[in-house]
Amino acid sequence: MPQGEPNQIRTAASTFHGYDQVVRNGITSQNQKARGISLLALNAALRAVDPSLCLESALRISNGRMHVQNFTLTLSRFKRIVVVAVGKASSSMMKTTLSSLDNWNAHGILIVPKGQEIPKFDDRVEIFFAGHPLPDEVGKKAAERVITVAQGMTKNELLICLISGGASAMLPAPPSSIPLKDKTAATSRLIRSKATIHEINTVRRHLSRIKGGRLAELSHASTIISFIMSDVTGNPLHDIASGPTAPDPTTYLDAVQVLKNHGLWQDAPFTVKSYLIKGLNHKLPDTPKQGNPVFRRVHNFVIADSHIACLGAKRAMERRGIPASIVSSTVDMEAKCMAQLLASIANDKVRLREQGAVIFGGETTVEVHGNGLGGRNQETALYAAGRLSGLDGIAVAAMGTDGIDGHSTAAGAIVDGRTYERARKQRLDMGKFLDQNDSFSFFRKLKDNLMTGRTGTNVGDIYLVVSV
């Protein structure tokens, strides 16, 4: 185990299940040190984007007034406040917000991922445990409840939305002509393709009664405030949770083109195609655009993103005397390309020795061909592992800040210059595992998965190259 501040060690050990084993797997003392520091940095990244802390920093209520950045609102104007929280960070965001509103008439609707542990709430809060990453009937029921409440609000009521990653799947509200299973089929095929999150959400927005600014459009509240944890590179408001309170720059034509570009239009469910064609023919209103008067009463605030997580990792390493640089917090590329980039940095020993550690944030994509278990972060690590053979004192880590990588139970994985050798001794063929998109199984055999469980936050992924 690396030397360092005991409190830091304990915190990282409690965050990562099997911490000691993951560190020992480095074999050499230098690799072990690089692994230990990587885990401490990743833990610090998670701490930096703790939803409660981020919300407490952004929101202040004093003397009956709400202060958010340069925006101020007098709460006595409103007879009731409705708080809608949806996404992977929703429970802690709801808890923090309601604590701030203890003296006000507030009612909450909380939508959390099925299986996630949440704190206890009083009877002010309705709770729904919705499906993720695939929508389910509970999520649809939650969406209907949100629509009903929002439509019933009056001019003297305030709507607060607490939005975080995962909300697109957890709050499905397809038009009445599209069964939930058909919308799920269309979007799940997109997710398995090479489609970017921007493309996936373009389709989602145009198959929804909530997304793409429609929640703001249907609510009669005089003021709408959204606090947003961004899991999308660049923080485009229309893409984070598919932008329920943000103007949508895309059209029905864009949604159809996405499906055609990825070869999914021909086999798309009939109800989906029929609905989008009606939109193309202007028989349906498009999502509200920039300049729509509805957005004059909407105030969107991004309170956390990938860059904040990267800063947390950077500061943690610098406190331990390791220089670190953030190359980019808006990575958007295929997992294989990300792996090649990380490996090339790891092999540039002279420059890396000067930099100490290199940090990236963002999100990669994987085109799924096999039936294995894994995700984009473990696949990135697996691609990189074969290009690190023989290096000492260097670790490469890839982790999803939500604690879930793809359909696996891991958050990501960590590799070093001995990973290839250890795999070969166990007769593990990296190529076969990659062909089957089975990176989780590969790293499970090596005990190099990064296991955190659900973290209760989500700002995308973080990638490290650490040299000691």
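**Entry 1: the sheet**

I began with an open sheet of six strands in a predicted model, in the order β10-β11-β15-β12-β13-β14 and with mixed pairing. The edge strands are β10 (324-334) and β14 (449-450), each of which pairs on one side only. I took strands as DSSP runs of E with at least two residues, and helices as runs of H or I with at least four, numbered from the N terminus. Two strands pair if DSSP finds at least two bridges between them.

I noted that residues are numbered from 1 along each chain as its sequence is written. Because the model is predicted, local features need pLDDT of at least 70 and side-chain atom pairs count only at pLDDT 80 or more, while totals for chains, interfaces and linings use all residues; side-chain values use heavy atoms, with hydrogens and water left out.

**Entry 2: strand β11**

I looked up the partners of β11. Eight bridges join β10 to β11, and these two run parallel. The bridge partner of S325 in β11 is V358. Strand β11 (residues 357-365) pairs with strand β15 (residues 461-467) in the antiparallel sense, over six bridges. V358 stands opposite V465 in β15, and F360 has Y463 in β15 as its bridge partner.

Is β11 enclosed or open? Nine of its nine residues are buried, so β11 is largely enclosed by the rest of the structure. Buried means under 20% relative accessible area, exposed over 50%, and partly exposed in between (1.4 Å probe, protein chains only). One side of β11 has A357, I359, G361, E363 and T365, the other V358, F360, G362 and T364, and all are buried.

**Entry 3: aromatic pairs**

I then turned to the rings. The structure holds five aromatic pairs. One of them is F227 with F301, stacked at 6.1 Å centre to centre and 25 degrees between the planes. F227 lies in strand β8 (residues 223-229) and F301 in strand β9 (residues 298-304), so the pair ties together parts 74 residues apart in sequence. F227 counts as buried at 0% relative accessibility, and F301 counts as buried at 9%.

F433 and F442 form an edge-to-face pair, 5.4 Å centre to centre with 70 degrees between the planes. F433 is buried at 14% relative accessibility, and F442 is buried at 0%.

For the terms, I used this rule: rings of Phe, Tyr and Trp (its six-membered ring) pair if their centres lie within 6.5 Å, and planes under 30 degrees apart count as stacked, over 60 as edge-to-face and the rest as tilted. Ring pairs also link F71, F227 and F301 into a cluster.
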